[in-house]
Amino acid sequence: MAVCVAVIAKENYPLYIRSIPTENELKFHYMVHTSLDVVDEKISAMGKALVDQRELYLGLLYPTEDYKVYGYVTNSKVKFVMVVDSSNTALRDNEIRSMFRKLHNSYTDVMCNPFYNPGDRIQSRHEGARKAWWQELLELGALKRLRREGQKTCRPATLLHQCRGCTPQ
Amino acid sequence: MPRVSSRSVDKLVHLQENGRCITKLENMGFRVGQGLIERFTKDTARFKDELDIMKFICKDFWTTVFKKQIDNLRTNHQGIYVLQDNKFRLLTQMSAGKQYLEHASKYLAFTCGLIRGGLSNLGIKSIVTAEVSSMPACKFQVMIQKL
């Protein structure tokens with residue numbers, strides 16, 4: 001399941017960054033920051049390489065021992081970075097792509113909002129909406145796990161792991 | 001004390017108002033252009049270069065907004081592009097003579113902003129001006145500013 005999500009403007013500062021509340025959230029911020037170099041590398045490599053590699057989705061940027069980092073760049077050079085828990089081994093490419101698609105749709109809606117100034121921090125004033133979105137992401141991870149392990153209990157990956165429909169250990 | 005005729009004062013105020021209106025319209029077009037481009041380029045592939053972006057503006061962008069394409073795109077390959085539309089949708093309802101030529105610039109200001117906003121969101125800083133020599137044809141000149 002996604003552990004951290006970031007939206008980064010084309011000038012490389014974060015417009016929106018949220019992670020699961022753990023003890024050391026800063027490490028996610030650092031991971032997102034270092035992933036920006038990889039993103040830039042991929043974009044410039046794509047320019048010189050084959051022309052048919054013109055997708056917006058960049059794929060796995062780099063894996064660490066606990067997490068994997070995925071990237072996506074829009075045509076307006078806004079980058080989306082997602083850090084995913086490695087223990088959820090078979091989060092398929094399609095699911096990551098669909099998560100990025102939803103993120104891109106939400107970002108486009110924000111851009112079209114006349115009260116939003118491009119370049120400002122993205123602030124969600126609806127706490128309920130944010131919680132619902134996290135719930136959806138958690139559910140995505142939890143459902144995959146349940147399907148694979150049967151109806152067994154699932155190990156909480158973080159202190160605040162909440163998962164509907166399975167008994168916590 | 002020299003007497004300033006009220007008519008010349010009126011004309012001056014009118015010109016200033018005109019300038020302010022046009023700037024305001026252009027700025028509105030800029031913001032709308034940014035949002036529109038974000039929506040239109042959501043599913044398209046990444047752009048190769050500047051010319052690719054200009055072609056996108058002339059074809060897909062113009063078609064979605066004005067239901068027709070730009071009729072002619074010219075460039076000097078050094079950052080100046082001229083987009084010519086022979087039947088601009090916002091000018092078709094006006095008479096084809098010289099009568100309203102001076103008022104046409106008000107109708108083109110928003111579209112200039114639209115182009116400038118779209119290009120700015122795609123990473124290109126530019127200045128867009130428009131001119132009308134004979135209604136309803138008009139030309140948009142885009143000057144790309146190299147940073």
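Author: Start with A:Arg97, which is partly exposed at 32% relative accessibility. Here buried means under 20% relative accessible area, exposed over 50%, and partly exposed in between (1.4 Å probe, protein chains only). A:Asp93 is partly exposed too, at 36%. The side chains of A:Arg97 and A:Asp93 form a salt bridge, 3.4 Å from N to O. The term requires a side-chain nitrogen of Lys or Arg within 4 Å of a carboxyl oxygen of Asp or Glu. Both residues belong to helix H2 of chain A. They are 4 residues apart, about one turn of the helix. Helices (H or I, at least four residues) and strands (E, at least two) are DSSP runs, numbered from the N terminus.

A word on the model. It is predicted, so local features need pLDDT of at least 70 and side-chain atom pairs count only at pLDDT 80 or more, while totals for chains, interfaces and linings use all residues. Residues are numbered from 1 along each chain as its sequence is written, chains are lettered from A and ligands numbered from 1 in the order in which they are written, and side-chain values use heavy atoms, leaving out hydrogens and water.

Over all chains, the count is 8 salt bridges. Side chains of opposite charge can pair when their charged atoms come close.

Now chain B. The side chains of B:Glu26 and B:Arg116 meet in a salt bridge of 3.0 Å, N to O. This pair links distant parts of the chain. B:Glu26 is in helix H1 of chain B, and B:Arg116 is in helix H3 (residues 104-121) of chain B. The two are 90 residues apart. B:Glu26 is buried, at 15% relative accessibility. B:Arg116 is partly exposed, at 21%.

Next come B:Asp85 and B:Lys68, whose side chains form a salt bridge of 2.4 Å, N to O. B:Asp85 lies in strand E2 (residues 80-85) of chain B. B:Lys68 lies in the loop between helix H2 (50-66) and strand E1 (72-75) of chain B. The pair therefore ties together parts that are 17 residues apart in sequence. Both B:Asp85 and B:Lys68 are buried. Salt bridges with shared partners also bring in B:Asp71, joining B:Lys68, B:Asp71 and B:Asp85 into one network.
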